Amino acid sequence: MSFQIYRNTSVGESLMETIEQLAEEGKLPEELALAVLKQFDTSMSEAIKKFVTGKATMKANMKTYHYYENVWTFSLEGVEFKLNQAGSGSMAGAQTMMCNTAKVVVVDAKLGEQV
């Protein structure tokens, strides 16, 4: 089982647009399109586990939050992200990014490993 949250990324949206276009033109059967999307979900999850080693912190004011079927969604305001790309050590020298609003979706990764 894998999560479909990566389909909301720019890469995921581009893939889905391309698949829809090919399906409309009759060049891609529906079952193959679904298999491609499922493989994308699995590959994104595996790639993040394998290649993302950075450490991040965030500070914000929480506007709203929702919890449904083991997925937390937070709407945040006045957000400050700090990213330490090395993945270890002090956050003192970490790159800081600010934004007015952000939406954070949190899913327990262990749920994606269950069959």
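Q: What order do the elements of the protein chain run in, from the N terminus on?
A: They run α-α-β-β-β-α. Keep in mind that this is a predicted model.

Q: How many helices and strands is that?
A: The protein chain has 3 helices and 3 strands.

Q: What does the C-alpha trace span along its principal axes?
A: About 55 × 30 × 25 Å.

Q: And how much of the chain is buried?
A: Buried residues make up 19% of the 115 residues.

Q: OK, salt bridges. How many does the structure hold?
A: It holds 3.

Q: Why would side chains pair up like that at all?
A: Side chains of opposite charge can pair when their charged atoms come close.

Q: Start with Arg7. Which residue does its side chain meet?
A: Asp41. The N to O distance in that salt bridge is 2.5 Å.

Q: Is Arg7 buried or exposed?
A: Buried, because its relative accessibility is 14% and the cut-off for buried is under 20%.

Q: And Asp41, buried or exposed?
A: Asp41 is buried too, with a relative accessible area of 2%.

Q: Next one. What does Glu25 form a salt bridge with?
A: With Lys27. The closest N and O atoms are 3.3 Å apart.

Q: How accessible are those two?
A: Glu25 is partly exposed, at 42% relative accessible area. Lys27 is exposed, at 60%.

Q: Which residue forms a salt bridge with Glu77?
A: Lys63 does. Their closest N and O atoms are 4.0 Å apart.

Q: What does that pair tie together?
A: Glu77 lies in strand 2 and Lys63 in strand 1, so the pair ties together parts that are 14 residues apart in sequence.

Q: How accessible are Glu77 and Lys63?
A: Glu77 is partly exposed, with a relative accessible area of 35%. Lys63 counts as exposed, at 57%.

Q: Let's stay with strand 2. Where is Leu83, and how accessible is it?
A: Leu83 is in strand 2. It counts as partly exposed, at 28% relative accessibility.

Q: How far are the C-alpha atoms of Leu83 and Ala56 from each other?
A: They are separated by 4.5 Å. Along the chain, Leu83 and Ala56 are 27 residues apart.

Q: What about phi in Glu69 and Asn70?
A: Phi of Glu69 is near 50°, a positive value in a residue other than glycine. Asn70 is not a glycine either, and its phi is positive at about 65°.

Q: Are they buried or exposed?
A: Glu69 counts as exposed, at 59% relative accessibility. Asn70 is partly exposed, with a relative accessible area of 39%.

Q: New topic: the surface. Which residues make the nonpolar patch?
A: Met62, Tyr65, Tyr67, Trp72 and Val106. The patch is about 520 Å².

Q: Which strand gives the most to it?
A: Strand 1, with 3 residues.

Q: Tell me about Met62.
A: Met62 has its place in strand 1. It counts as partly exposed, at 46% relative accessibility.

Q: Which residues form the negative patch?
A: Glu13, Glu17, Glu20 and Glu24 form that surface patch.

Q: Where does Glu24 lie?
A: In helix 1, which covers residues 10-24.

Q: Is Glu24 buried or exposed?
A: Glu24 is exposed, because its relative accessible area is 71% and exposed means over 50%.

Technical notes
Residues are numbered from 1 along each chain as its sequence is written. This is a predicted model: local features need pLDDT of at least 70, side-chain atom pairs count only at pLDDT 80 or more; totals for chains, interfaces and linings use all residues. Side-chain values use heavy atoms; hydrogens and water are left out. Patches are made of residues with over 30% relative accessible area and no salt bridge: like charges are joined within 9 Å, nonpolar side chains (Val, Leu, Ile, Met, Phe, Trp, Tyr) within 5 Å. Accessible areas come from the Shrake-Rupley method with a 1.4 Å probe; for residues, only the protein chains shown count as cover. Lys and Arg count as positive and Asp and Glu as negative; His and the chain ends are not counted. The place of a charge is taken as NZ of Lys, CZ of Arg, CG of Asp or CD of Glu. Helices (H or I, at least four residues) and strands (E, at least two) are DSSP runs, numbered from the N terminus. Buried means under 20% relative accessible area, exposed over 50%, partly exposed in between (1.4 Å probe, protein chains only).
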